[in-house]
Structures are given as C-alpha cells and as structure tokens.
Amino acid sequence: MAKANREIVAALLLSCLLYLVLPSARAFYLPGVAPRDFQKDDELQVKVNKLSSTKTQLPYDYYFLDYCKPPKIMNNAENLGEVLRGDRIENSVYAFKMRRDESCKVACRIKLSSEAAKNFKEKIDDEYRVNMILDNLPVAVPRLRRDGSQDTSYEQGFHVGYKSKDGKYYLSNHLSFKVMYHKDPESDGARIVGFEVIPSSVKHDYGNWDDKNPKVTTCNSDTKITPGSNAPQEVAADTYVVFSYDVTFQPSNIKWASRWDTYLLMNDDQIHWFSIINSLMIVLFLSGMVAMIMLRTLYRDIANYNQLETQDEAQEETGWKLVHGDVFRPPVNSGLLCVYVGTGVQFFGMTLVTMIFALLGFLSPSNRGGLMTAMVLLWVFMGLFAGYSSARLYKMFKGSEWKRITLKTAFMFPGIVFAIFFMLNALIWGEKSSGAVPFGTMFALVLLWFGISVPLVFVGSYIGYKRPALEDPVKTNKIPRQIPEQAWYMQPAFSILIGGILPFGAVFIELFFILTSIWLNQFYYIFGFLFIVFLILIVTCAEITIVLCYFQLCSEDYHWWWRAYLTAGSSAFYLFAYSGFYFCTKLEITKVVSGILYFGYMLIGSYAFFVLTGTIGFYACFWFVRKIYSSVKID
C-alpha cells in the first residue's frame with residue numbers, strides 16, 4: 001500500500017513539473033485509482049457498462065438486451081456524475097484467472113424470443129456498442145487506421161453485431177479478450193495495463209446441451225476461434241444463441257501510470273496543433289492591438305479634458321465626458337441585471353476551480369463521472385459568491401428589496417436549466433434508456449439546490465448587502481440627458497452581435513474537440529490547452545466589451561449597463577449556431593427524440609456560456625467606466 005501511495009505522489013509531482021515546463025503540451029492526468037497488484041490465478045471479474053450509440057445518443061443498460069446474466073446482478077457503487085452520464089456498471093458472467101489463457105469458454109445459451117430478436121436488430125441498426133470494464137480500464141477494439149499507416153488505433157467498445165448486404169442481422173456472440181499486464185520484477189505480482197477484445201459472430205454447433213457442463217463442437221480448450229472462420233450467428237426469433245469467449249494474457253512494457261494512453265490517443269484525426277496555436281496567436285495579436293489603441297486614445301482624451309480651463313471650453317467639448325452626469329444612472333430592470341451578474345460569478349467560479357482540478361489530474365477520464373460530480377458540487381458551493389456579488393451591485397443601485405433579488409439569484413438560472421433538464425429527462429425515460437436520471441438522483445439534485453445552494457446564496461447576499469455601497473466617481477444628474485440619434489453601426493442590436501464574434505473566435509476550434517468528446521463518445525483530456533483558451537476568452541470578452549463601450553460613450557449614449565453584458569454574452573448565439581452546423585456535418589442522428597436531446601442540451605450549454613461571458617464583459621466594462629470617470633476633473 002505504501003508503494004502505491006508513493007507512486008501516486010510521484011505521478012502528481014511529475015504532472016505538476018511537466019505542466020510548468022510544457023504548458024502548451026497535451027494535458028497531464030493521474031490514473032484516478034490506486035494501482036492493484038494481481039498474483040497468478042487471482043480472480044478477474046469483467047464488469048459491463050451501458051450500451052452506447054452516436055446515432056441515437058440514448059444509452060441503454062447492458063441487460064436491456066438478452067445477454068448472459070449472472071445469478072445475481074449487482075450495481076457497483078456509482079457517484080453522481082456516473083448516474084448523470086447514464087453509466088450503469090454491473091457484474092457479468094465473464095471471469096478470468098490472472099495470467100492463465102483459456103479457450104472456447106461457454107458463457108451460456110439463450111433462446112431468442114421475438115421481442116429479444118427485435119431489440120437486437122434495432123440496436124444493430126443504430127450501431128450500438130457494448131462497453132465493458134476490467135480493473136477500471138474500458139475495453140478497446142483494435143483496428144487499422146483510415147490513413148493507411150501501419151499504426152494500430154482503437155475504438156471504445158465493440159458493436160452489438162452487424163447487418164449484411166442481403167439484410168440479415170448477425171450477433172457478436174464470441175469475444176476474444178486480450179489482457180496486457182506489466183510484471184513487477186521484485187515480486188510475482190502484475191498490474192493490468194491493457195484490455196482489448198475482438199468480437200466475432202459464430203454459429204456454434206453442439207450435441208446434447210448440458211447447462212451444468214456446456215460444451216460446443218465448434219471449438220475446444222486447445223483451439224481458438226478466428227474471425228470469419230465459422231458460419232456467423234444470425235439474429236432470428238426462436239433460435240438458440242451460444243455466447244462464448246477466449247482470453248489471452250500478454251506481458252507488456254507499458255507502465256501502469258501510462259496505461260490510459262491507448263484510450264486518449266484512439267482518435268483518427270491528429271490534432272493540428274500548429275493551426276490551433278496560430279489561431280490563438282491571431283486572437284492575442286488582435287487583443288494586443290485593441291489594448292494599445294484604447295490606451296493611447298484614452299490617454300489623449302483624459303489629457304485634453306484635464307487641460308480645459310474655462311466652463312465655455314468644457315461645454316464646447318464633445319465625447320464621453322459629456323455624459324458624466326448620467327453614466328452611473330441605474331439601468332432599466334437593474335434587479336434582473338444583478339441576478340444575472342451574480343449567476344455569472346457563480347458559473348465563473350465553478351469553471352475556474354473545475355479547470356484547476358482537471359489541470360492537476362484529479363478529474364482524469366479514468367475517474368469516471370468525476371468531472372460531472374465536481375461541476376455539480378462546485379456550482380452548489382459557489383452560491384455564496386453569487387449572493388454576495390448580486391447584493392453588492394443591487395445596493396450600489398440603491399435598491400431596498402435585497403431578499404427578493406436573492407431569491408431570484410438562487411432560483412432563476414437553476415430553475416430554467418432544471419425545467420429544460422426535466423423535460424429532456426422525461427423524453428429519455430419514455431425511450432426506456434438508462435440515460436434517464438432516476439427519481440432518487442433527481443431528489444438528491446433538488447436537495448443540493450434547496451439544502452445547500454439556496455442557503456449559501458442568502459448568506460452571501462446578507463454579507464454583501466451589509467457592506468458599504470460602492471460610491472460613484474461622479475454625481476448623477478436628476479434629469480436624464482437626451483441621447484442624440486445614433487449611427488446605424490452604433491444601434492444596440494448590430495453592435496451587440498458584432499461584439500460576440502471575437503470571443504467565439506477564441507474558442508470555436510477547442511469547441512469542436514469538446515463537442516466531439518461529448519457526442520461521439522471520445523475522451524477529452526486536453527485540459528492544459530483548454531485552460532489557455534479559457535484565459536484568452538476572458539481577455540477577448542473584456543477587451544471587445546470595453547472597446548464597444550468606449551465608442552458608445554463617445555456617441556453620448558450612456559445606456560451601457562445591459563449593453564456591456566449582452567455584447568460579450570452574444571457569443572453564446574454563435575455557439576448555438578455552431579452546434580447546429582456541427583449537428584448537420586458531423587453527427588448521424590436520425591431520431592427526432594435524439595435531435596431534441598442534442599439541441600436541448602446545447603441550449604443549456606449556450607445559456608450557461610451566455611451568463612459566463614456576459615458577466616466577464618460586464619465587470620470589465622464596469623471597471624473601465626469607473627476608471628476613466630475617476631481620472632478626469634469634473635466641476
């Protein structure tokens with residue numbers, strides 16, 4: 001045990017060191033669980049996970065189909081994230097002895113009913129894959145790369161079966177497992193570092209069937225089945241199907257800490273780092289140019305305003321100084337703005353802390369469901385900052401109904417998201433999918449919301465409202481100033497939509513990989529690069545909002561509060577539009593329910609992105625306006 005702990009600590013220190021040395025390289029991860037040493041002939045139990053398909057996006061429990069069942073099906077301990085992802089990890093009939101090869105082991109014989117045959121055919125049509133796990137490693141299927149190279153790539157899970165050209169369905173009823181292990185030179189123990197399978201369809205022949213001692217004549221303990229060497233097993237009602245498997249153990253030089261590399265590099269398309277970094281450099285260059293222009297222009301404006309000697313000269317001057325008496329006038333629906341700013345602070349805190357933990361390797365793909373669990377819990381605890389920031393802003397607007405604002409902060413965003421999520425979950429439940437969140441888990445989510453998040457929002461709001469209000473740098477006039485007619489390019493709708501392009505441009509390449517990992521069942525692990533993109537997103541949101549706010553104030557339009565929020569937040573519109581483009585070009589979803597699920601979840605993601613980017617833009621603009629008006633002399 002001490003040796004295992006030393007390895008985990010060493011891996012953590014190494015990942016931190018590599019991150020400091022190579023910040024732009026791919027992310028570093030910890031294996032997620034303590035290594036386990038297996039002695040020869042130790043029992044190995046294969047666990048089964050959900051059936052998944054990229055065509056329907058609806059996961060199903062493994063035993064939804066008529067596969068061999070153990071005497072008692074047991075669900076393994078699941079965290080909140082696993083349940084929300086639709087993972088259902090259960091025991092199976094597949095069992096091995098460590099480092100002992102076995103051939104032609106019969107799992108069971110099943111007679112397919114018409115309903116069972118129909119289910120198998122539907123799942124084959126929808127290209128469902130079977131996911132299995134051994135020692136926390138998902139099963140991988142080796143295949144040749146599409147680019148023609150000799151390197152082997154891997155797919156996660158194996159197909160339920162296949163359909164021939166003549167319209168017949170065949171079942172993958174024989175599994176050839178290969179378990180790779182790394183032997184400890186100091187002891188007889190070994191660690192599992194790889195788990196592969198090659199599925200085959202075999203119509204087994206047998207004589208008199210004995211359930212206690214099942215045997216087939218197609219193969220025996222000395223021979224192994226090779227794909228294509230036997231007649232395939234057709235899926236048809238009232239036919240018997242024999243499920244069988246082989247297992248081979250193979251020594252490997254792969255260390256236990258590197259055993260997940262196979263799964264993280266199973267993508268066909270290589271990530272074009274040069275293209276991505278080049279795009280980021282362009283965004284950084286544009287941001288730098290914007291910052292320089294703003295600094296030079298502002299410096300000249302402030303110097304000119306401060307050199308005015310007479311009141312007549314001040315009255316003749318035009319520009320942003322003229323609206324100093326109205327620029328801090330509370331906006332329309334100021335309470336709603338406070339609610340959205342508070343929610344954005346909550347989301348920002350959750351995103352930042354989650355990304356830091358992911359960077360350090362604590363939320364690696366091997367820690368199944370860890371990322372989702374961390375996000376939910378961090379969202380709940382960040383309610384303290386949501387209440388504090390919304391109350392501080394509300395008090396600055398001289399509001400008195402702080403309890404009402406606190407209630408809206410605690411319930412508006414989570415309530416809208418929960419309503420959409422509940423409707424989508426009802427659709428999944430109607431399809432009898434394991435992706436439907438059970439009632440108990442739904443109750444746990446509501447309990448986290450009402451029992452922890454809401455009280456924390458109230459605590460934060462109480463603390464924030466007790467603090468002294470922020471003082472405006474200049475006094476606000478009693479009578480609002482008339483706003484002159486604006487040019488077409490300064491109209492709110494146009495400038496808001498233009499402002500969202502640059503923040504979206506900073507993330508859309510990385511967005512492709514995130515969508516691929518979510519909807520095409522691939523692992524996402526490039527958290528180091530994602531963190532850099534997140535920082536660039538913050539910079540671009542801040543700068544584009546400040547620039548457009550400056551132009552707006554120069555046009556003597558002082559309604560900047562909501563405009564600042566919506567300018568950066570409009571990038572969410574482009575994100576949702578891009579999700580539609582991705583749906584049409586990359587996904588093969590044909591079912592209406594699956595399409596509703598996709599756009600429903602992308603709507604939730606876009607709404608969250610709107611709140612995040614809008615808050616970043618608002619606070620950047622808020623700092624900028626206070627800074628420039630405190631830098632000029634106002635009589």
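With -80 degrees about the S-S bond, the link between cysteine 68 and cysteine 108 is left-handed. That link is one of two disulfides in the structure, a disulfide being a pair of cysteine sulfur atoms within 2.5 Å. This is a predicted model, where local features need pLDDT of at least 70 and side-chain atom pairs count only at pLDDT 80 or more, while totals for chains, interfaces and linings use all residues. Residues are numbered from 1 along each chain as its sequence is written, and side-chain values use heavy atoms, with hydrogens and water left out.

**Cysteine 68 and cysteine 108**

- The sulfur atoms of cysteine 68 and cysteine 108 sit 1.9 Å apart.
- Cysteine 68 is in the loop between β1 (43-52) and α2 (80-85), cysteine 108 is in strand β3 (residues 102-111), and the pair, 40 residues apart, links distant parts of the chain.
- Helices (H or I, at least four residues) and strands (E, at least two) are DSSP runs, numbered from the N terminus.
- Cysteine 68 is buried at a relative accessible area of 4%, and cysteine 108 is buried at 17%.
- For the cut-offs, buried means under 20% relative accessible area, exposed means over 50%, and partly exposed is in between (1.4 Å probe, protein chains only).

**Cysteine 104 and cysteine 219**

- Here the sulfur atoms of cysteine 104 and cysteine 219 are 1.8 Å apart.
- This link is right-handed, with 70 degrees about the S-S bond.
- Cysteine 104 lies in strand β3 and cysteine 219 in the loop between β12 (190-200) and β13 (240-251), so the bond ties together parts 115 residues apart in sequence.
- Both cysteine 104 and cysteine 219 are buried.
- Counting bonded cysteines along the chain, the disulfides follow the pattern 1-3, 2-4.

**Other cysteines**

- Cysteine 554 has its closest cysteine sulfur in cysteine 549, but at 9.5 Å that is too far for a bond.
- Cysteine 554 counts as partly exposed, at 30% relative accessibility.
- Cysteine 584 is exposed, with a relative accessible area of 65%.

**The chain overall**

- The protein chain has 17 helices and 13 strands.
- Of its 635 residues, 51% are buried.
- Take the contacts (heavy atoms within 4.5 Å) between residues at least 6 apart in sequence: 82% of them join residues at least 24 apart.
- The chain exposes about 30800 Å², and carbon and sulfur atoms supply 61% of that; accessible areas come from the Shrake-Rupley method with a 1.4 Å probe, and for residues only the protein chains shown count as cover.
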